[in-house]
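Let's take a walk through a protein model together. Have a look at the picture first, and then we'll go through it piece by piece.

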Amino acid sequence: MKNLKKQVFLPVAAIALALGGAFMTSAAKVNAASNAQVPGYYYDNVQLECRDAGVECSTIDTGIPCTDGTRNLFELDGTMCETPLYQIPQ
């Protein structure tokens, strides 16, 4: 009888731990994605470089472009700033 309990309990416990770990990992990824905030940059045509606008933006497409009031802002990638950014949801 004791042997049967071990044979049933251990696999059930292993499956429960695996499922719990999978759900926790998935929840952590969703939380990280919802907080994808990056500084917004614009291209300065005079200095010929990307400049920090001092505005935090989101990489998640909210449908509303991130701006500094006059210019659309972009994500800095090396020396380029071409990937559009979006307003952080309030």
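If you number the bonded cysteines of the protein chain in sequence order, what is the pairing? It's 1-4, 2-3. Before we go on, a word on the ground rules: this is a predicted model, where local features need pLDDT of at least 70, side-chain atom pairs count only at pLDDT 80 or more, and totals for chains, interfaces and linings use all residues. Residues are numbered from 1 along each chain as its sequence is written, and side-chain values use heavy atoms, with hydrogens and water left out.

Back to those cysteines. The structure has two disulfides, a disulfide being a pair of cysteine sulfur atoms within 2.5 Å. One of them is formed by Cys50 and Cys81, with the sulfur atoms 2.1 Å apart. This pair ties together distant parts of the chain: Cys50 is in strand β2 (residues 49-58) and Cys81 in strand β4 (residues 80-84), 31 residues apart. Strands here are DSSP runs of E, at least two residues long, numbered from the N terminus. The torsion about the S-S bond of Cys50 and Cys81 is about -95°, so this disulfide is left-handed. Cys50 and Cys81 are both buried, and buried means under 20% relative accessible area (1.4 Å probe, protein chains only).

The other link to find is the disulfide between Cys57 and Cys66, with 2.0 Å from S to S. This link is left-handed, with -65° about the S-S bond. Cys57 has a relative accessible area of 0%, so it counts as buried; Cys66 is buried too, at 3%.

Cys57 and Cys66 also belong to the largest nonpolar core, a group of six residues that they make up with Val38, Tyr42, Leu73 and Leu85. Such a core is a set of buried Ala, Val, Leu, Ile, Met, Phe, Trp, Tyr and Cys residues joined through side-chain atoms within 4.5 Å. In soluble globular proteins, nonpolar side chains tend to be buried together. Leaving aside neighbours within four places in sequence, Val38 is in contact (heavy atoms within 4.5 Å) with residues including Cys57, Leu85 and Glu75.

Now look at Tyr42: the charged end of Arg71 sits over its ring, 3.7 Å from the centre. To count, CZ of Arg (or NZ of Lys) must be within 6 Å of the ring centre and within 35 degrees of the ring normal.

Finish at Ser58 in strand β2. Ser58 is at 3% relative accessibility, so it counts as buried. The side chain of Ser58 reaches the backbone nitrogen of Ile60 at 3.0 Å.

Notes
Buried < 20%, exposed > 50% of the residue type's maximum accessible area, 1.4 Å probe, protein only. Helix = DSSP H or I, 4+ residues; strand = E, 2+ residues; numbered from the N terminus. Polar contact = N/O pair within 3.5 Å; in protein donor to acceptor, adjacent residues only side chain to side chain.
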